[in-house]
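This report sets out selected features of the structure shown below.

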Amino acid sequence: MIIKKATLLIILLLVSFSVFASTFSLGIDLGYSLGSLIESESTYRENTAYLPGHGYGISIPFQYQSDSGFGVRTGLRFISKSFKYSHPSSIEAAFSFDYIELPVLFSWWSESLSDMIPIHLSFGIGGFVGYKLSTRSSGLFKTSSYDENGKDYVTEISGDFSSDYDNSFEAGLMADAAVYFGIGSGWSAYGQFSAQFPLTALRDKYQENQNMMYLSSYLFSAGVIYEFGGNK
């Protein structure tokens, strides 16, 4: 419901901007994401580490750019975010989360940096909302119990997982930077770096003094985009 309302708001904004439109753009990109867990307080377990995790992202960006170089960037994004949980000699696990997201960024494009081919820089800042589609876990967990031979039990973590305390909704702040290379006939290839800083935790608050966890992500992507409308 929230994503639907945000989509409607974006459509209304773009329709109102179209009176002054210079260029609209639609594209697709694919990238690598690096997840990083932020805690509200230190974990209660000594020698426990939350390490960066690997994922990927697929975006369908839609952009509006005015004659002055300012504009709005949005579009749907599917992104996989993850982190690793490590405790020496007892736990080595990875947790992944798949989201469908709707970013909204106010952006600025530079004039061409070259007389030979169109090269433009772009910077954006704004926010995003998203919905969690699925979660997965994998790894090993050594229990404090022992088998008949006196050896530790080791439990393998694998597959999907769910919890009544998981937060399905996400929202946060976002910024990006990109470089565009004109390749002719309205098409441009681009490379982009975007960073997301969540304002919502991975899990709902269900107890006092709970250690809240926030999963930020950094996406390195490349794609192509086509300009149309306005002066095109």
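## Nonpolar cores

The largest nonpolar core has 11 residues: Leu37, Ile79, Phe83, Tyr85, Ile91, Ala93, Phe95, Phe97, Tyr99, Leu202 and Leu215. Two or more residues of this core come from each of β3 and β4, and β4 gives the most, with 5 residues. Another core, of 5 residues, lies apart from it and includes Ala178, Tyr180, Tyr190 and Ile225. A nonpolar core is here a set of buried Ala, Val, Leu, Ile, Met, Phe, Trp, Tyr and Cys residues joined through side-chain atoms within 4.5 Å. Buried means under 20% relative accessible area, exposed means over 50%, and partly exposed lies in between (1.4 Å probe, protein chains only). Strands are DSSP runs (E, at least two residues), numbered from the N terminus.

The model is predicted: local features need pLDDT of at least 70, side-chain atom pairs count only at pLDDT 80 or more, and totals for chains, interfaces and linings use all residues. Residues are numbered from 1 along each chain as its sequence is written, and side-chain values use heavy atoms, with hydrogens and water left out.

## Cavities

The structure holds 2 cavities of 30 Å³ or more. A cavity is a set of points, on a 1 Å grid over the protein atoms alone, where a 1.4 Å probe fits but cannot get out; its lining residues have an atom within 4 Å of a point. Grid points are joined across faces, edges and corners, and the volume is the space filled by probe spheres set on the points. The largest cavity holds about 110 Å³ of space. Its lining has 14 residues, of which Pro61, Arg73, Thr74, Arg77 and Pro103 are the closest to the centre. At least two lining residues come from each of β2 (49-66), β3 (70-87), β4 (91-109) and β7 (169-184), and β3 gives the most, with 5 residues. By class, this lining has 6 nonpolar, 4 polar and 4 charged residues. In this classification Ala, Val, Leu, Ile, Met, Phe, Trp, Tyr, Cys and Pro are nonpolar, Asp, Glu, Lys and Arg are charged, and the others, Gly among them, are polar.

The second largest cavity holds about 70 Å³ of space. Lys81, Tyr99, Asn167, Phe169, Glu170, Pro198, Thr200, Ala201, Leu202 and Leu215 line this cavity. The lining divides into 6 nonpolar, 2 polar and 2 charged residues.

## Salt bridges

Side chains of opposite charge can pair when their charged atoms come close. The structure holds 5 salt bridges, each defined by a side-chain nitrogen of Lys or Arg within 4 Å of a carboxyl oxygen of Asp or Glu. One of them joins Arg73 and Asp176, whose closest N and O atoms are 2.7 Å apart. This pair links distant parts of the chain, with Arg73 in strand β3 and Asp176 in strand β7, 103 residues apart. Arg73 is buried at 3% relative accessibility, and Asp176 is buried at 7%.

Lys81 and Glu101 also meet in a salt bridge (2.9 Å, N to O). Lys81 lies in strand β3 and Glu101 in strand β4, 20 residues apart, and both residues are buried. A network of salt bridges links Lys81, Glu101 and Glu170. A further salt bridge pairs Arg136 with Asp98, with 2.4 Å between the closest N and O atoms. Arg136 is in strand β5 (residues 119-146) and Asp98 in strand β4, 38 residues apart. Arg136 is partly exposed, with a relative accessible area of 30%, whereas Asp98 is buried at 7%.

Ser221 is located in strand β9 (residues 213-228) and is buried, with a relative accessible area of 7%. Beyond its neighbours within four places in sequence, Ser221 is in contact (heavy atoms within 4.5 Å) with Asp29, Leu30, Gly31, Tyr190, Gly191 and Gln192. The C-alpha atoms of Ser221 and Ala178 are separated by 9.4 Å, and the two residues are 43 residues apart along the chain.

Ser185 lies in the loop between β7 and β8 (187-198). Its phi is near 55°, a positive value in a residue other than glycine. Ser185 is exposed, at 69% relative accessibility.

Technical notes
On a 1 Å grid over the protein atoms alone, a cavity is a set of points where a 1.4 Å probe fits but cannot get out, and a pocket is an open set with protein on both sides within 12 Å along at least five of seven lines; lining residues have an atom within 4 Å of a point. Helices (H or I, at least four residues) and strands (E, at least two) are DSSP runs, numbered from the N terminus.
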